[in-house]
Amino acid sequence: MNRRPRIRPSEITTEAAWHSRRSFLAGLAGAGLAALAPGSRAQEVATVKLVAPTLQYRRNARFSTAEKPNSFGEVTGYNNFYEFGTGKEDPARNAHRLRTRPWFVVVDGECSKPGRIDLEDVLKPHPLEERIYRLRCVEAWSMVIPWLGFPLGDFLRRFEPNSRAKFVEFTTLLDPQQMPGQRSNVLDWPYVEGLRMDEAMHPLTLLVVGLYGKTLPNQNGAPLRLVVPWKYGFKSGKSIVRIRFSEKMPRTSWALSAPREYGFYANVNPEVDHPRWSQKSERRIGSANFLARQPTQMFNGYGDEVAGLYRGMDLARHF
Ligand SMILES: Nc1nc2c(c(=O)[nH]1)N[C@H]1C(S)=C(S)[C@@H](COP(=O)(O)O)O[C@H]1N2
Ligand SMILES: [Mo]
């Protein structure tokens, strides 16, 4: 039963258009001057950013790349968040519709302390860290992003997962009123992602609530999103409302929509091509020459930390 239309390459290659307006957006955010864009939607977006509260955090240098982060304008102006449209600029234009307070997260499944928890109580016990990670999209572009968050494992332990908990499933909000992209059937909504338990508990895996020192902008998955730096970007579900421990491997949205193209593991791997394009190299968003490519690193450069999770597995088969 595959009545959903496949995503056409034209829908994921809107970058030429994006680049023509990129410098404008970047300048806008860099200057912090919403007034420079009178009457535009960009103004609305920039205004929201200016009122975002600044968060307390400490930098985690050990787990941060030394590469130069992308600009705030790039990180918040070029997004994949299909709930707000399939174009890279659609989320920045449309995500202001999302109300992120009050926000509750249900944690259930194979654990002894399931619950429905208010976002403020999600945050309370966890000191925030800034970690600068590369985000490598399966579409062969990348960015460097200063996230604010805390290890997912520290949060999950509060619910006391039991011995049947082999996987963790993450579900994004389902609300076509606030998320107009859910009125199209480009994906089966709600967006679902999943990790194996050991991947979820790994100290590199972050629950993210902010970036660039501020509360997470809606287009980046406010108020709560996942970031798994050694996997393709699509593993990091945005605007999470449910986290479920399960014995069986979760049926994730991208793997359901095109099982030959998107596997459950989705580890960044230059040796295993996507059926329609190479994964050997990537374009860094915002680089002076946007056609210049740089080599993609195994596990996105985090191999020393995570290769052991996959010892003995055929990564061409478990892609
Ligand atoms: N709910 C939801 N989460 C999502 C997506 C999406 O469409 N919906 N896109 C994914 C993809 S493909 C990528 S590359 C990252 C992009 O995160 P960013 O926009 O913050 O860079 O979000 C991921 N999380
Ligand atoms: Mo992606």
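**Entry 1**

I looked up E139 and found it buried, with a relative accessible area of 16%; buried means under 20%, exposed over 50% and partly exposed in between, for a 1.4 Å probe and protein chains only. The model is predicted, so I kept in mind that local features need pLDDT of at least 70 and side-chain atom pairs pLDDT 80 or more, while totals for chains, interfaces and linings use all residues. Residues are numbered from 1 along each chain as its sequence is written, chains are lettered from A and ligands numbered from 1 in the order written, and side-chain values use heavy atoms, without hydrogens and water.

E139 forms a salt bridge with K88, with the closest N and O atoms 2.6 Å apart. The pair links distant parts of the chain, 51 residues apart: E139 is in the loop between β4 (129-136) and β5 (141-151), and K88 in the loop between α4 (72-77) and α5 (90-94). I took helices (H or I, at least four residues) and strands (E, at least two) as DSSP runs, numbered from the N terminus. K88 is also buried, at 1% relative accessibility.

**Entry 2: other salt bridges**

I searched the whole structure and noted 21 salt bridges. The term stands for a side-chain nitrogen of Lys or Arg within 4 Å of a carboxyl oxygen of Asp or Glu. E129 and R131 make one, at 2.8 Å from N to O, and both residues are buried.

I then checked E169 and R244, whose closest N and O atoms are 3.2 Å apart in a salt bridge. E169 lies in β6 (residues 167-172) and R244 in β11 (residues 240-246), so this pair ties together parts 75 residues apart in sequence. E169 is buried at 11%, whereas R244 is partly exposed at 25%. I also noted one network, in which salt bridges with shared partners join E67, R134, R136, E282 and R284.

**Entry 3: the sheet**

I traced an open sheet of 5 strands with mixed pairing, in the order β3-β2-β11-β6-β7. Two strands pair if DSSP finds at least two bridges between them. β3 (115-118) and β7 (192-196) are the edge strands, each pairing on one side only. β2 (residues 104-109) runs parallel to β11 and is joined to it by 4 bridges. Within β11, F245 stands opposite G109.

**Entry 4: cis peptides and positive phi**

I found a cis peptide bond between R101 and P102, with omega about -10 degrees; P102 sits in the loop between α5 and β2. The bond from W189 to P190 is cis too, with omega near -5 degrees, and P190 is in the loop between β6 and β7.

Y212 is not a glycine but has a positive phi of about 50 degrees. I placed Y212 in the loop between β8 (206-211) and β9 (214-215), where this residue is partly exposed at 32% relative accessibility. N300, again not a glycine, has a positive phi of about 55 degrees. N300 lies in the loop between β13 (294-295) and α10 (303-306) and is buried at 1%.
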